[in-house]
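Keep the structure open as you read.

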Amino acid sequence: MARVLVAVTGGVAAIKVPHLLRLLRAQGHEVRVLASRRALEFVTPLSLAVAAGGEVATEEAWFRPDGRALHIELARWAEVVLVAPATVDALARAALGLADDLLGATLLAGAPRVAWAPAMNEAMWLAPQTQAHAERLKALGHALFGPAYGPLAALGEGEGWGRMLEPEELVERLNAFLTPKDLEGLRLLVSAGPTREYLDPVRFLSNPSSGRMGYAVAEAARDRGAQVFLVSGPTALPDPWGVEVVRVESALEMRRAILDRYPWAEAVVMAAAVADYRPAEVSREKEPKGEAEKVVRLVPNPDILQELGERKEGRVLVGFAMETGEGLERAKEKLRRKNLDLIALNWVNREGVGFASLENEVVLLARDGRVWELPRMRKRQVADRILDAVKEFWKA
Ligand code: PMT
């Protein structure tokens, strides 16, 4: 967790900053807030102060009679500065190194890491001057979060590029920005979610996988600098930013998508709950309802992970084992048979973990016999532990 200075400049999106401040604090970040004069035309100092849990740094408070200079103090305090919303003017001034306002002076006084959340009219964002300033800031090591495409605030502008990212996404981006890039260069293929095996156009066999475990692996790897390709079965989760995503439905479609990307990948994490069987016959028309019993003949689906294991060629392969009983011996058998480096054993019948929950309880088994029994933790933390092991095998 970090000491975050949120710098607010004058745009309509400033009204979202109190929510952003609350989210940052809820994640355990320490926050302070700096507001430009124009920002305070959109949001009051009191709402910012309450959400930040402390005073707002303003132009008026810059130099104190006791000799304290706020720009120096803030630059030394902050581990990261997030300018949100960032106006076209704020970007330009920072790119030029101007320091006749509190934000400019704080940035020049040595603020260590800086991220910008631009918010402006589309034409202003796309103007060559603004683009040049954005490039200049990137060259200085600053991060740009957005802008997003969507409805713009000015009357009659409709939709366009220039909308500030929503506070939830800004927090995710900031966390990613602060994460050490220890998987830089890794090309990781991840699968997530269930598959659907259709009987007819409206009926299918599936399972309760929500995709959370696999998405957590994809997001954690992205934050740690990996290039990530996610093959997802049907889920209600939005595509994670910064990850290439392909959506599939059946096990056969998932197999095709994974095999297509396999030559590119250096490591694979199979978190998908792939259906082991599919109906032998699929009706093109919706089957009418009837009173008589019906028997559905099922045929086995290919085991995707086993196929990957057969053509491993130096890749790191990670599987999951979903078990009901003790499961340890079965997980070990899957590890061997599928030629894996690591398998994450989890359970179907334990309350609050496994399918669809936010947490998981996992035992990691490595091919060299090492075992890590992880306590119950959030899926994102489980993902990081799996990736720590992937890193070790990848670097070996
Ligand atoms: O999506 P969530 O709601 O977050 O839930 C996460 C999860 C419980 C689905 C996940 O943690 C998990 O355990 N995924 C694997 C479930 C599973 O299919 O386990 P299995 O023991 O049947 O399969 C072993 C491994 O072989 C798995 O990596 C699986 O992806 C793979 N497999 C299985 C069958 C098949 N036909 N092809 C495969 O590649």
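In this predicted model, helix H1 (residues 17-26) packs with helix H2 (residues 45-52) at an angle of about 10 degrees, and their axes sit 8 Å apart. Angles under 35 degrees count as roughly parallel, so that is what H1 and H2 are to each other. If you want to see who touches whom, look at Val17, Pro18, Leu21, Arg22 and Arg25 on the H1 side, which meet Ser47, Leu48, Val50, Ala51 and Ala52 of H2. Sorted by class, that contact has seven nonpolar residues, one polar and two charged.

Now see what these helices rest on. H1 lies across strand E1 (3-8), strand E2 (30-35) and E4, running at about 175 degrees to E1. H2 lies across E1, E2 and E3, and runs at about 165 degrees to E2.

Those strands belong to an open sheet of six, which you can trace in the order E3-E2-E1-E4-E5-E6, with parallel pairing. At the edges you'll find strand E3 (56-57) and strand E6 (143-144), each pairing on one side only. Further in, strand E4 (residues 80-86) runs parallel to strand E5 (residues 114-118), and four bridges join them. A handy spot to check is Ala86, which stands opposite Pro118 in E5.

Strand E9 (residues 187-192) pairs with E12 in the parallel sense over six bridges; Val190, for instance, has Leu230 in E12 as its bridge partner. E12 is also joined to strand E13 (residues 244-247), again running parallel, by four bridges. There, Ser232 stands opposite Arg247 in E13. How enclosed is strand E12 (residues 227-232)? Five of its six residues are buried, so E12 is largely enclosed by the rest of the structure.

That leaves helix H9 (residues 212-223). The buried set is Met213, Gly214, Tyr215, Ala216, Val217, Ala218, Ala220, Ala221, Arg222 and Asp223. Just after H9, have a look at the backbone of Gly225, which takes a positive phi of about 100 degrees.

Technical notes
Residues numbered from 1 in each chain as written. Predicted model: local features only at pLDDT ≥ 70, side-chain atom pairs only at ≥ 80, totals over all residues. Heavy atoms only, no water. Buried < 20%, exposed > 50% of the residue type's maximum accessible area, 1.4 Å probe, protein only. Helix = DSSP H or I, 4+ residues; strand = E, 2+ residues; numbered from the N terminus. Axes fitted to C-alpha atoms, helices over the stretch in contact; angles between N-to-C directions. Parallel < 35°, antiparallel > 145°, perpendicular 65-115°, else oblique. Contact = heavy atoms within 4.5 Å. Nonpolar A, V, L, I, M, F, W, Y, C, P; charged D, E, K, R; others polar. Pairing = 2+ DSSP bridges.
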